[in-house]
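This briefing sets out how two chains meet and how they are related to each other. Please read it alongside the sequence and the model shown here.

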Number of protein chains: 2
Amino acid sequence: MATRLTDNERAAALAELTGWSLVEGREAITRRFVFADFTAAFGFMTHVALMAEKMDHHPEWTNVYRTVDITLATHDAGGLTGLDVKLARKIDRAATAAGAD
Amino acid sequence: MATRLTDNERAAALAELTGWSLVEGREAITRRFVFADFTAAFGFMTHVALMAEKMDHHPEWTNVYRTVDITLATHDAGGLTGLDVKLARKIDRAATAAGAD
């Protein structure tokens, strides 16, 4: 099972993951992505869904038209793990590929 | 443009749309759907996304693993319209097809 990041590891991850921030009152990270339209936003979500299923590590996410808000945490570990950092990096690449603002 | 439902029309729609309820403090309807797993949930979302894009009427929705929470409203009309009722019916059929609990 993935183990929780130490304070130092978490700080290093946040420094690297531009645009991601800690969720208030919870050990989780979040980022908003905005696309050209719904089709671009949902295309991005589909890309992320396939990656997440392959990793067996899934985002919590909300979509309103062209905006997608994503929160990552590892429930089994009760906080952030390397899985979240890995998925966040993949999500960032998928967002760039989908033309996120 | 779609026009807001009257009070009577809204009451009739809610009576028909089993499982949907009004959102607190907002003229919108919401329903939670629970599936077998993430793949079933996201398959359902993909089905809904294609229908929504075709209607040019999109849900606000949140997915956490096998749960999908959907809220419908017509922003241009400032409340509920026939478009929301039509999309809700389509969503219900898609959820049944995807094996929602």
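In this predicted model, chain A and chain B bury between them an area of about 1,400 Å², and carbon and sulfur atoms give 67% of that area. Of the area that chain A buries against chain B, 36% is supplied by A:Phe38, A:Phe42 and A:Trp61, more than by any other three residues. The contact takes 15 residues from chain A and 15 residues from chain B.

**Make-up of the contact**

- On the side of chain A that touches chain B, helix H2 (38-55) and strand S3 (60-64) of chain A each supply at least two residues, and H2(A) gives the most, with seven residues.
- The residues on this side of chain A divide into eight nonpolar, five polar and two charged.
- Between chain A and chain B the count of salt bridges is zero, whereas five residue pairs are in polar contact, counting pairs with both residues at pLDDT 80 or more.

**Strand pairing across the two chains**

- S3(A) is joined by five bridges to strand S3 (residues 60-64) of chain B, and the two strands run antiparallel.
- Within this pairing, A:Trp61 has B:Asn63 in S3(B) as its bridge partner; A:Trp61 is also one of the three residues that together supply 36% of the area chain A buries against chain B.

**Relation between the copies**

- Chain A is superposed on chain B by a rotation of 180° with 0.0 Å of shift along its axis, at an RMSD of 0.0 Å, and the two copies are therefore related as by a two-fold rotation axis.
- In chain A, the C-alpha nearest the axis belongs to A:Thr62, at 2.1 Å from it.
- Both copies use the same surface, in that 100% of the contact residues of chain A recur in chain B.

**Salt bridges**

- Over all chains the structure holds 16 salt bridges, although the count between chain A and chain B is zero.
- Among the pairs that form a salt bridge is that of A:Glu16 with A:Arg89, in which the closest N and O atoms are 2.6 Å apart.
- Because A:Glu16 lies in helix H1 (residues 7-16) of chain A and A:Arg89 in helix H3 (residues 82-97) of chain A, this pair ties together parts that are 73 residues apart in sequence.

Note on methods. Residues numbered from 1 in each chain as written. Chains lettered and ligands numbered in written order. Predicted model: local features only at pLDDT ≥ 70, side-chain atom pairs only at ≥ 80, totals over all residues. Heavy atoms only, no water. Contact = heavy atoms within 4.5 Å. Buried area = accessible area lost by both parts, 1.4 Å probe. Salt bridge = Lys/Arg side-chain N within 4 Å of Asp/Glu carboxyl O. Polar contact = N/O pair within 3.5 Å; in protein donor to acceptor, adjacent residues only side chain to side chain. Helix = DSSP H or I, 4+ residues; strand = E, 2+ residues; numbered from the N terminus. Nonpolar A, V, L, I, M, F, W, Y, C, P; charged D, E, K, R; others polar. Pairing = 2+ DSSP bridges. Least-squares fit on C-alpha atoms with pLDDT ≥ 70 in both.
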